[in-house]
Amino acid sequence: MGPAMSDRSVHAGTSSWKLTLPCTRAEAEAIDAGDDLGIVPPPVLMTSEMTPDDANDWQLEAYFDGKPSAAALKAVRALVPSARASRAQPELVPDQDWVTLSQAGLEPVQAGRFFVHTAAHAGAIPRGTRAFQIEASRAFGTGHHQTTSGCLTMLDRLKRQGVPVRNLIDIGTGTGLLAFAALHLWPSAYATASDIDPASIDVTRENAAINGVSTGTQRGQIALAAAPGLQHPLLIGRAPYDLIIANILAGPLIALAPSIAMALAPGGTLVLAGLLSDQAPAVLAAYRRQGLMPMARIATGDWPTLRLRKRPRYGQDRATRHAPPMPEAPNFGSW
C-alpha cells in the first residue's frame, strides 16, 4: 500500500467533503501530492490498495475544505481516467472524523533500526529503534512507500557494514526522512537535503523541528536547499559527497547520472530508489557509463533500492566540485 498524500489543514468551522473514485495502481503511483490542480485550497489526496496484488483495484480519496465546485471535481477526476464511468459524488464528512480519516492509511513502519510513525502512534515506539514522527504531508516520503522504506533499510545496512560517511546529501528529500536517518547513523557528518519543490523544503524544516534534528551548515546539522538536481551553489560548493541518496524517479535518475557521478567522491556510495524493477537495467547502465559499480540491491515489491560505488580511478584527475548543467530535454516532473 503506497499512499500519495498532502497534509493541508482544514480550517476550523468549515465542512469537509470527500470524493472516492476507483483507480488502478499505475494511476495511484502517478499521482503527485505536490501537483497543482488549480484548486484553492487544494484537496488532500489519498490512494490505497483495495485488493492485495490486484493492480486494477485501487482507490483515490480526495478530501476538500468545503463543498467542492464542479471544476474541482473535474480536476480530481482527471487524475484517474479509468474512473471516467464512475457516478461517485462528493459526500459530507463529519468534522470530528477529519483527522482520523486523513491519517487512516498511515500505520507505523519499521525498516532496519528506524521506526516511522504519526502522532497517533507516538506511544507505540519499540525499544532499540530510532523513531521519526512524519505526518502525511504535501511532500513525498512518509516511510510507507516501498522506495522510502527500502532506502532506510539500505542505509541501516551501510552503517552495520562500517561504511564511513563524512559528507552526505539526500537529493529529492521530500519530507526529509532519509536525510534525518542518514544523519542519525553518521552524526558527525556534514549533511545536505535538497528538493526541486520548495514546499518539500518547508516540510523538511518542520519535520526537523518535530524530530529534534538540527538544521544548518555545520557538522551534525542538515543544510537545506530548493534546487533541480545539483543546480545550486550550496550543493555544488559542498561536493564531493561520499554518500548520495536519490529517491526520485527513473527518468530524472538517468538524466542526472553525469551530475550525480561527478558530485560523488571517488570510492563514494550512491543509493538510488524511485524506479520500478523493469527500469533498473536502464538506470544501472546510465551509472555504469559514469564509472559506478553496482554493489547491492534490496528488492521491495516492484520497487528496488540500488547501492552503487564510484570507482576510485574515476574523478582523480578531474574536478568534482562543479556539477554540469542538467539536460533540458527530459521532463523531470515533481520529484
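Modeller: What follows takes some of the labels one at a time and sets each against its cut-off. Please keep in mind throughout that this is a predicted model.

Colleague: What makes up the secondary structure of the chain, and how much of the chain is buried?

Modeller: The secondary structure comes to 10 helices and 14 strands, and buried residues make up 52% of the 335 residues in the chain. The chain exposes about 14,700 Å², of which carbon and sulfur atoms supply 52%.

Colleague: Why is Gln-59 called buried?

Modeller: Gln-59 has a relative accessible area of 18%, and buried means under 20%, so Gln-59 is called buried. The residue lies in strand E3 (residues 58–65), and, leaving aside its neighbours within four places in sequence, Gln-59 is in contact with several residues, including Thr-20, Leu-21, Cys-23 and Met-46.

Colleague: How do you know that the buried residues of helix H10 are on the same side of the helix?

Modeller: The buried residues of H10 (residues 280–288) are Ala-280, Val-283, Leu-284, Ala-286 and Tyr-287. They cover an arc of only 155° around the axis, which puts them on the same side of H10. These buried residues pack against helix H8 (250–255), helix H9 (257–263), strand E12 (264–273), strand E13 (292–300) and strand E14 (303–310).

Colleague: What makes E5 and E7 the edge strands of their sheet?

Modeller: The open sheet of three strands has the order E5-E6-E7, with mixed pairing, and strand E5 (109–111) and strand E7 (130–133) are its edge strands, as each pairs on one side only. The twist averages 20° from one strand to the next.

Colleague: How do you know that E6 and E7 count as paired?

Modeller: Pairing requires at least two bridges between two strands, and four bridges join strand E6 (residues 114–117) to E7, so the two strands count as paired, and they run parallel. Helix H4 (residues 146–160) lies across E5 and E6, running at about 35° to E5.

Colleague: Which residues have the most contacts inside the largest nonpolar core, and which element gives the most to it?

Modeller: That core has 35 residues, and those with the most contacts inside it are Phe-132, Leu-152, Leu-155, Trp-186, Ile-222 and Leu-243. Several elements each supply at least two residues of the core, among them E6, H4, H6 and E10, while H5 gives the most, with eight residues. A second, separate core of 30 residues includes Ala-239, Tyr-241, Leu-256 and Leu-272.

Colleague: What is Leu-152 in contact with, leaving aside its neighbours within four places in sequence?

Modeller: On that basis, Leu-152 is in contact with Ala-111, Phe-114, Val-116, Leu-177, Leu-178 and Ala-181. In soluble globular proteins, nonpolar side chains tend to be buried together.

Technical notes. Residues are numbered from 1 along each chain as its sequence is written. This is a predicted model: local features need pLDDT of at least 70, side-chain atom pairs count only at pLDDT 80 or more; totals for chains, interfaces and linings use all residues. Side-chain values use heavy atoms; hydrogens and water are left out. Buried means under 20% relative accessible area, exposed over 50%, partly exposed in between (1.4 Å probe, protein chains only). The arc is that of the directions from the helix axis to the C-beta atoms. Contact means heavy atoms within 4.5 Å. Axes are lines fitted to C-alpha atoms, for helices over the stretch in contact, and angles run from 0 to 180 degrees between N-to-C directions. A nonpolar core is a set of buried Ala, Val, Leu, Ile, Met, Phe, Trp, Tyr and Cys residues joined through side-chain atoms within 4.5 Å. Accessible areas come from the Shrake-Rupley method with a 1.4 Å probe; for residues, only the protein chains shown count as cover.
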